[in-house]
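Have a look at the fold yourself before you read them.

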Amino acid sequence: MIQLSGVRKDNITHLPILEDFQKHFFITARRLRYPVIAGINIKNFKYFNQIYGFENGNLLLKRMADHFCFLNPDCKLAARIYGDHFIVLIEAYTPDEVGIQEELAIICREFSKEANQEFPQVRIHINCGAYFVCKQDKQIDSIMDRVRYAQKENKDDYKSSVTFYTQELEHKILCESRVIPMFEQALEDGRILLYLQPKFSIDEQKLIGAEALARILDKDGDILTPGYFVPLLEKSGMIIELDRRMIHLLVNQMKEWLRQEIELFVVSVNLSRLDFLEEGFLDDIIRDIDQAGIPKQFIEFELTETVFCENLDEVIRQIERLRALGFRISMDDFGSGFNSLDVIGMVPADVIKFDRSFVLHSLKSKTGQEVMRSLMEMFQRIDFEVLCEGIETKDEEALVYACGCNQIQGYLHDKPLDVHVFAEKYLGINNS
């Protein structure tokens with residue numbers, strides 16, 4: 001890294017402070033053939049401090065400064081912005097974005113590997129957003145905004161560490177910024193809707209349960225599906241409010257069914273990673289369920305692999321607590337990630353949900369079918385129930401049944417339905 005005289009240094013990392021970085025940025029960048037600016041931070045740094053304390057947190061920041069800046073020959077200028085957020089100007093040796101992205105990814109993986117070996121209780125993931133500096137760039141604030149756009153896109157992706165800025169990305173993020181106010185208003189106006197998608201047994205061809213799914217009624221009367229708003233709510237942390245509202249709606253509906261002497265069935269509802277980290281969240285929903293008089297065995301909490309990306313011991317402790325109280329736990333999207341078997345080996349659960357993409361891929365060949373059959377036999381042998389989701393045809397139903405699965409969910413039987421439509425169709429409740 002270029003050593004500058006007369007610059008003020010950060011007390012922890014001994015890097016230039018941000019103001020001096022900005023002062024020397026263009027002078028340094030113009031000397032480089034292919035200047036790239038990168039923003040770097042740890043995705044779960046606050047949890048690191050909670051587990052290991054601030055002294056070790058400062059030690060980790062010094063390691064970051066050494067790894068990404070002082071010991072990196074491509075780094076020409078750097079600063080610590082705040083907390084664990086660093087900004088780094090590097091010299092690329094090619095204008096090939098893919099090549100530079102892979103180089104940055106390797107550096108990030110190396111740091112994560114070393115840090116995770118030393119501090120195994122928190123899985124450390126680096127978030128890096130990058131941008132090729134152009135000759136026409138004149139404002140450092142605009143450049144850093146582009147780096148932040150790239151980092152924001154990559155914030156909750158635990159399978160990738162580096163994202164490059166594009167104009168399309170900026171447009172996408174600006175459009176996404178409208179979703180949060182829309183959701184907050186819908187929350188206030190009572191326009192969050194409870195939908196249920198039925199689950200069926202194949203051999204008896206009858207309803208055995210349902211999954212609770214969120215919909216938003218927008219101001220124009222259109223129904224918005226989760227793909228439009230859930231990823232953004234997860235990024236912003238507002239997913240906690242959605243999950244809280246969905247559980248509230250479900251509990252109230254089940255309470256009404258009890259009042260009408262309708263026989264309850266198991267309904268699954270999603271819990272996100274942030275729900276487990278939000279103080280008091282689980283206590284609140286347990287209290288609401290108890291007050292409503294809902295037997296806990298009729299509520300199943302669905303978890304995805306991302307729940308286990310950080311604070312693994314604490315998350316498992318909370319799951320064990322839920323199961324001990326009588327709630328059911330299901331692992332969603334099995335086969336869609338890289339570590340599903342690793343996660344399942346550690347997590348106490350009742351149900352394994354096979355992802356549609358994994359099911360369809362497996363059904364294409366005899367070998368794939370045998371793999372799926374073997375997996376299902378193994379899961380059932382150790383007392384997991386197995387469900388295949390996304391089943392859309394009779395042929396798919398017959399094949400998964402031949403592989404040993406008797407529980408399915410998908411458009412073959414029904415799409416997600418408004419809870420009142422569901423109750424009329426499957427429970428014989430006339431809502432008119």
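This is a predicted model: local features need pLDDT of at least 70, side-chain atom pairs count only at pLDDT 80 or more; totals for chains, interfaces and linings use all residues.

1. Start with the overall make-up. Residues are numbered from 1 along each chain as its sequence is written, and side-chain values use heavy atoms, with hydrogens and water left out.

2. Now the overall dimensions. The C-alpha trace spans about 80 × 50 × 40 Å along its principal axes. Accessible surface comes to about 20900 Å², with 49% of that belonging to carbon and sulfur atoms (Shrake-Rupley method with a 1.4 Å probe; for residues, only the protein chains shown count as cover).

3. How much of the protein is buried? Of its 432 residues, 52% count as buried (under 20% relative accessible area; exposed is over 50%, partly exposed in between, with a 1.4 Å probe and protein chains only). Take contacts (heavy atoms within 4.5 Å) between residues at least 6 apart in sequence: 67% of them join residues at least 24 apart.

4. Next, the inside. The largest nonpolar core has 85 residues, and W257, L271, F301, F308, F354 and V400 have the most contacts inside it. By such a core I mean a set of buried Ala, Val, Leu, Ile, Met, Phe, Trp, Tyr and Cys residues joined through side-chain atoms within 4.5 Å. Helix α8 (residues 239-259) gives the most to this core, nine residues. Apart from it lies another core, of 38 residues, L61, F68, I126 and F164 among them.

5. Zoom in on V400. If you skip its neighbours within four places in sequence, V400 touches I202, V359, L363, M372, M376, C388, I391, C405 and I408.

6. Two helix pairs are worth a look. Packed helices are described by the angle between their axes and the distance between the axes. Axes are lines fitted to C-alpha atoms, for helices over the stretch in contact, and angles run from 0 to 180 degrees between N-to-C directions. Helix α1 (residues 18-29) and helix α4 (residues 140-154) have axes that come within 11 Å and cross at roughly 110°, which means α1 is roughly perpendicular to α4. (Under 35 degrees is roughly parallel, over 145 roughly antiparallel, 65 to 115 roughly perpendicular, the rest oblique.) From α1, L18, Q22, F25 and F26 meet I140, D141, I143 and M144 of α4.

7. The other pair is α13 (residues 356-363) with α14 (residues 366-381), packed at about 130° with axes 6 Å apart, so the two are oblique to each other. F358, V359, S362 and L363 of α13 meet G368, Q369, M372 and L375 of α14.

8. Is R323 buried, partly exposed or exposed? R323 sits in helix α11 (residues 312-325) and is partly exposed, because its relative accessibility is 32%. K296 is 27 residues from R323 in sequence, yet 9.4 Å away C-alpha to C-alpha.

9. H14, in the segment before α1, has a positive phi of about 65° although it is not a glycine. Q205, in the loop between β6 (192-201) and β7 (206-217), also isn't glycine and has a positive phi near 50°.

Note on methods: Helices (H or I, at least four residues) and strands (E, at least two) are DSSP runs, numbered from the N terminus.
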